[in-house]
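These notes are for a colleague opening this entry for the first time. Please read them beside the sequence and the model.

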Amino acid sequence: MPHHRPRYPLLLPVVTSLAATVALTTFLRSGVHTVRPADNGDLASVTTNLAEVALSGAPEVLLPLPELRGLTLPDLHLSDLRKLPLPTAIPIPHDLPVPPGVQLPEEVPLPHLPVPQAVAPLPHSIDQGTDPAATTVIPDPAPGPDYSAPALEPGAVPPDLADRLGAQVREITRDTPFSMVALTGTDLHGLTALIRTRHADGSWSEWNPLDTLETAGNDRVQPTRTGTEPLYVGPTTGVQILTTRPGHIHVPDLSAVLIDPGRGAVDGMLEATAATVAGGPKVITRKQWGADESLRCQDPTYDDSLGGITVHHSAGRNEYTKAESAGIVRAIYAYHAKTLGWCDIGYNALVDKYGQIFEGRYGGLDKPVEGAHAGGFNENTAGVAMLGNFTDQPPTDAQLQATGQFIGWRAKLAGLDPQGTTTMYSEGTQYTSYPEGQAVQLPVVFAHRDVGKTACPGDAAYALLPKLRAIAASVAGNPNPAAGPALSDPEPDSPTQPAPSAAPARPQRSPLQRTANPTEQLLNLVGSNPIATYWAASGAATGPLGDATALPRPAGEGGQFATFANGYVYSGPGDTVTELTGPLLDRYLELGADSGLLGLPTRSPYPGPDGTTRADFRYGSLILDPAANTVSTIVNAVPDSALTTPEPDSSITLPDSGIAASTPGSTVAAPVPDSTPIPAPVAGGPDDSAAPPDPPQFAPDAPADTDDQP
């Protein structure tokens with residue numbers, strides 16, 4: 001059955017946003033609270049300090065253009081550049097040898113150079129009378145530079161000028177260290193924001209992007225203030241902020257939020273004290289990571305059921321220690337609850353790179369608590385955020401395993417198949433391309449980018465979603481929604497606490513009620529989805545592929561795939577549709593499928609010499625030899641993510657296969673299990689070369705990852 005939370009009257013508290021237009025040395029501090037003893041042992045809430053500073057009150061600094069090389073700033077134009085001020089004096093080194101009794105000055109002043117007067121432009125022509133022969137025409141001068149051109153484009157600024165021009169940034173310094181930074185404003189549409197922080201030795205870090213949040217506190221109220229994702233930068237006392245937006249470089253009403261999450265006495269030992277949820281993984285509770293419950297300003301909202309689980313990344317740095325993870329969670333919590341006025345952290349759970357799982361939003365991990373993590377799809381979903389940025393770097397194995405185990409446990413409680421599909425109804429909002437009320441067919445475990453205008457959880461994590469679903473499915477097994485969790489820790493603040501008695505009763509639903517028959521659903525997509533059209537042309541459920549077992553879901557490199565009783569069908573770039581069955585499919589899955597060694601299929605199986613059958617992929621081919629009962633792997637171009645560089649004339653061990661492949665271009669034979677039937681050619685099937693129709697908006701195209709809300 002589709003998931004759509006019934007609407008109940010909701011009284012929203014009025015939250016006063018902190019804003020300050022102050023001098024550099026003046027800060028408004030919020031979220032400063034007295035540490036209160038907690039109920040169990042030595043655990044106590046940890047003070048989180050927030051300082052919000054209006055950028056209009058922060059000093060401007062001119063950075064030389066070479067310091068910005070390599071950044072992506074299309075809205076930084078030539079007209080935004082400024083001349084760097086000439087030095088007024090040259091400092092004298094203190095270690096210069098001097099004769100006895102001679103004292104050198106601290107600096108040598110430079111002479112003042114007069115500014116040359118501008119030369120008036122020449123007229124287009126000089127009139128020497130009415131006689132055309134006596135008129136001298138002066139050609140127009142060569143066109144000048146296009147001051148609206150991007151300033152960082154190669155050749156935009158002549159080399160001899162690059163060292164004399166710079167861009168304006170805002171610099172904030174404070175005496176008290178902070179370790180997370182975010183920006184807030186009334187309208188961040190189109191904003192590009194970069195920050196860098198000062199090291200203890202006075203040098204500066206690399207520039208890091210701040211991704212705009214793609215959700216509000218809930219989907220039913222238009223936010224009056226929004227922000228970026230908070231970025232963990234490590235302890236620092238100084239930050240430089242560079243912002244651009246089409247039309248003007250400095251965005252008005254923009255504030256920097258500087259967060260110090262404090263240090264808990266047990267921050268580095270939380271894994272040993274994590275609570276085991278019944279039948280699930282160990283979870284670090286809110287009490288254990290030091291949540292200040294006084295920051296919560298409303299009771300949790302409970303949906304009628306859980307219909308899907310959304311995967312995010314926090315878009316922060318990947319360089320943090322295990323002891324710093326709890327502080328990152330506290331900072332996100334304070335920023336969401338206090339600065340943005342959400343009254344709590346937006347995610348239902350968070351997982352760090354060490355595999356530590358943190359309880360997120362208050363109300364019980366085993367309850368359908370509505371979060372604030374995916375605008376337009378916050379209802380009936382649970383948001384799980386992996387701490388870090390996975391645009392290029394994938395999550396660690398420990399992080400992926402822990403995330404999959406938590407998702408599998410949560411899906412099992414809800415009666416969901418982590419490898420199945422679900423139908424969700426959009427709540428609209430500015431954060432999604434789906435209008436309010438539209439039914440959207442999604443994988444049960446889907447990415448934020450599948451429903452939002454974001455690249456979250458990053459390309460590297462998105463490519464691992466099939467593996468994440470497989471881990472979750474191994475935990476979920478056969479979901480049984482009728483059997484609720486046996487709560488091992490019924491404390492009021494345990495991660496599996498009972499819902500308040502005032503919450504409306506939520507009826508349990510079976511998996512069949514949650515998800516319609518995939519075969520029937522796929523028939524409704526014929527003509528609008530290339531996979532559905534291909535399947536229908538080959539006979540639909542009565543053809544060689546048989547019934548659909550799952551609807552199309554995202555694959556690597558922007559493709560899709562769907563599973564059937566007798567095989568898989570992929571669609572990829574260039575409107576190609578390919579089918580894989582039998583031993584070729586088995587071998588392809590062993591090699592990691594579309595995110596593995598061979599990449600996406602590019603051509604369906606076709607006859608080869610001596611009775612063989614061949615299928616082609618982006619990085620190689622598979623050849624089935626029925627006579628020898630083998631499948632050979634041809635590797636043409638090995639993806640960097642799949643293999644390391646081999647020694648000359650040596651073999652490469654394929655991931656998780658136990659079969660060695662020779663150097664690229666050679667073949668390796670893998671035995672075919674005797675029990676695996678060899679599929680017969682599809683008679684009258686669709687032509688491989690026929691271009692299928694354009695796919696539907698199954699998942700809106702994600703923008704380039706300039707970091708995105710997770």
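1. Burial and surface. A residue is called buried when its relative accessible area is under 20%, exposed when it is over 50%, and partly exposed in between, with a 1.4 Å probe and protein chains only. By that rule, 50% of the 710 residues of the protein count as buried. The protein exposes about 32200 Å², of which carbon and sulfur atoms supply 56%; these areas come from the Shrake-Rupley method with a 1.4 Å probe, and for residues only the protein chains shown count as cover.

2. Basis of the values. This is a predicted model, in which local features need pLDDT of at least 70 and side-chain atom pairs count only at pLDDT 80 or more, while totals for chains, interfaces and linings use all residues. Residues are numbered from 1 along each chain as its sequence is written, and side-chain values use heavy atoms, with hydrogens and water left out.

3. Confidence. The score pLDDT is the predictor's confidence in each residue, from 0 to 100. Its mean over the protein is 75, and 67% of the residues reach 70 or more. The pLDDT is below 50 over residues 480-494, a stretch that has 27 contacts in the model beyond near neighbours in sequence. It is also below 50 over residues 497-516, where the corresponding number of contacts is 48. Contact here means heavy atoms within 4.5 Å.

4. Overall make-up. The secondary structure comes to 11 helices and 34 strands. Both are DSSP runs numbered from the N terminus: helices are H or I with at least four residues, strands are E with at least two. Among contacts between residues at least 6 apart in sequence, 71% join residues at least 24 apart.

5. Helix H4. This helix covers residues 325-339, 15 residues in number, and reaches 20 Å from its first C-alpha to its last, close to the 21 Å expected at 1.5 Å a residue. The expected span is 1.5 Å times one less than the number of residues. Of the 15 residues of H4, 14 are buried, so the helix is largely enclosed by the rest of the structure. Just after H4, Gly 341 takes a positive phi of about 75°.

6. The cores. A nonpolar core is a set of buried Ala, Val, Leu, Ile, Met, Phe, Trp, Tyr and Cys residues joined through side-chain atoms within 4.5 Å. Which members of the largest core touch the most others? They are Trp 289, Ile 332, Leu 350 and Phe 358, out of 32 residues. Strand S9 (165-185), strand S14 (255-260) and H4 each supply at least two residues of this core, and the largest share, 9 residues, comes from H4. A second, separate core of 31 residues includes Val 311, Val 351, Phe 406 and Ala 411.

7. Trp 289. Leaving aside neighbours within four places in sequence, Trp 289 is in contact with residues including Ala 326, Val 329, Arg 330, Tyr 333 and Phe 358.

8. Two buried sites. His 312 is found in strand S17 (residues 308-313) and is buried, with a relative accessible area of 0%. Its side chain makes a polar contact with the side chain of His 448 at 3.4 Å. A polar contact is a pair of N or O atoms within 3.5 Å; within protein, one must be able to donate a hydrogen and the other to accept it, and residues adjacent in sequence count only if both atoms are side-chain atoms. Leu 191 is in the loop between S9 and strand S10 (192-197) and counts as buried at 11% relative accessibility. Leu 191 and Thr 244 are 53 residues apart in sequence and 6.0 Å apart in space, C-alpha to C-alpha.

9. Backbone points to check. Most residues other than glycine have a negative phi, and most peptide bonds are trans. Ala 540 has a positive phi of about 55°, in the loop between helix H10 (530-537) and strand S24 (548-554). Asp 610 has a positive phi of about 60° and lies in the loop between strand S28 (601-607) and strand S29 (613-617). Is each of these two residues buried or exposed? Ala 540 counts as buried at 15% relative accessibility, whereas Asp 610 counts as exposed at 77%. A cis peptide bond joins Cys 456 and Pro 457, with omega about 10°.
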